[in-house]
Amino acid sequence: MALPYCAAAASPVWAAPRLDPMFGDHAVIQRETPVTITGRAAPRENVTVLLGSTSKDVLAEKDGRFTAKFDPVREAGAIRLEAKAASGRVVVQDVVIGDVFLCSGQSNMELEVRNAQDALGQIRSSADDQLRLLLVPRAVADEPLRDFRDAPNWKAAGPDSVGDFSAACFYMVRELRKGTKVPIGAIASSWGGSRISPWMGARAQAEVGQQAAAAMVALHGRDPFAAEKVASAQWEKWWRVQTGDKPGSEPWQADSALTWAEVPRIGPWEEWGVPSLADYNGMVWYRREFELTAAQANAPGQLSLGLLDDVGRVWINGKPVGMSARAWQPSSFDVPPGLFKAGRNVMIVNVQDNYGNGGLSGPAEVLKLSLGDGSEVPLGEQWRYSVPQRSPEGAPRVPWGDVTGTGTLYNGMIAPLGAIGLKGVAWYQGESDVDLPGYAERMKAMMADWRRQFGLPELVFVAVQLAAYGAPVTAPAESGWAAMRQIQYRAMAQDDHGGLATAIDIGDPFDIHPGEKQEVGRRLARAMRAAAYGEQHPRTGPQAVRAVAGSDGGVVVEFTGLTGGLRTRSSAQAIGLELCGEALGTCRFVPGKVDGTRVLLAGDGAAATRVRYAWAGSPVINLYDDAALPIGSFELPVVKTR
């Protein structure tokens, strides 16, 4: 057996070399690409690493890290892996050469097999000792980690491992196993609710103009108090600009002029029984006074406020303490010396809620102030609240957070993978970036950054286009969700090694986490076979590429990526198509007639400068190709031909 992996970066004595967890028992190593084996030994210790019949002698760095590079291994199957030094020897068990896939994104990639459709049956029949799974634990970091905070372990697919693994990822690699007949490894590294920015390294941040935010994250790693001071000043300036409040009269001042009411109980404000808050999304201010002795006031403290849903910012005596940076996790703040006073102290908390329940959610028993002298002040009661007349939008968040951070998930969950070999990356994310400009540029920068890390300039990325979600519409309307689908297509089509799996028809209008992940996996596998294995079918699936004005005032929509021709379901006409003029509000539904690989739209006598299709979060569609793949949302300008 391989010795347990140790994440400590500065252990003075090693009993034997350790290999990083990507190279532990049951590991899969990518075939046909250079192999980089990494691990730890005693500082400056000579280490011999053996891969198959090839050995490499390397010298550990002063921190104990060592790296051994090998030529590509062509043949799939079992292989020997070990490392030895004067301090000892480690032999890794059950290592195979095959294909390795990294799956990442937000909650629809993170969603486990046990929470997807037909979980019981799928888990029962999941055993495959040549399909290996590595689940990366959630981790946030201010700088790229070389070691995982909590080491993951490879596990063979089976009832004991599959249930907690990403459903979309598992079903993709299971499908790929049917065709490749080689061992496959799947690495799942996702975080629900995350934007794309947390998954982008510092170089990617710089490419999209986010150097300042990345620098703030680095500062937080060196000096958290200094970073919080800068972030608080930015937030307070934003508030004054948005509201017109003068310095000294803001709501976080101890004697601000807000009207306060008693908090009924710690918990979401939707559950207080206050009608105006029953379905309220926005800001609420909280106030809590407490008394300290002179000895207590002279000591630093740690403030525990439980869950601040979605995000909270704290002041004590008008001075900023910090912002909760970990969404949906209990909040803890280090209070620097100088903020407390002997006698009366006033704490103000601003909570911003954008989705679902919100507030100072507790639980009440964890709310307390722990002081340096060993004493504690319970804070589970005696709170007051005030709802502002308006909640300004766009409040800045600290860039060292999790789901909205700048590089923090890349640092903690992608960087520790080092330069492992990969066959491809499956990416299911975008929901949290809807209506945020620049997604295509961020996606391009992230792909380039990951390719640099893994040393694979042609590494394949296959993205899942957003599934249906949101109340069905009865008239044409604007849709950020639909716009994101088109952005995703263009980002992947413009990349020479990009692919797309469309999921528009397998979503759920009322559940952002649709349980149907088997078909998502099959479509991911189909796109991956085209993009990564060179199979002769379109890597992005069927997509509209041009709308041409007809002589009768109608429009002809042309498509690419079709398998065979176009087909309509349950109707002789294609539905969900719109003709639009230049201005907003000019779109109207029109029927479409399939003509082989085109769709014909008859003119309706009104101006038509744009064509849209499936332009809603949860549209009703019926246009497919012969591979039973749906056409995704699109908006195209109408062009005239000579």
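1. Helices α5 (residues 211-222) and α6 (residues 224-243) cross at roughly 140 degrees, and their axes come within 6 Å. The arrangement is therefore oblique, the class left after under 35 degrees (roughly parallel), over 145 (roughly antiparallel) and 65 to 115 (roughly perpendicular). Axes are lines fitted to C-alpha atoms over the stretch in contact, with angles from 0 to 180 degrees between N-to-C directions.

2. This is a predicted model, in which local features need pLDDT of at least 70 and side-chain atom pairs count only at pLDDT 80 or more, while totals for chains, interfaces and linings use all residues. Residues are numbered from 1 along each chain as its sequence is written, and side-chain values use heavy atoms, without hydrogens and water.

3. On the α5 side, M216, L219, H220 and R222 make the contact with P224, A226, A227, V230, A231 and Q234 of α6; contact means heavy atoms within 4.5 Å.

4. Helix α3 (residues 167-180) packs against helix α11 (residues 518-533) at about 50 degrees, with the axes 7 Å apart. This pair is likewise oblique. The residues that meet include Y171, M172 and L176 in α3 and L524, A525 and M528 in α11.

5. E82 lies in strand β7 (residues 77-85); helices (H or I, at least four residues) and strands (E, at least two) are DSSP runs, numbered from the N terminus. E82 has a relative accessible area of 2% and is buried, a term for values under 20% with a 1.4 Å probe and protein chains only. Beyond four places away in sequence, E82 touches T48, V49, L50, R89, V90 and V91.

Definitions and conventions: Buried < 20%, exposed > 50% of the residue type's maximum accessible area, 1.4 Å probe, protein only.
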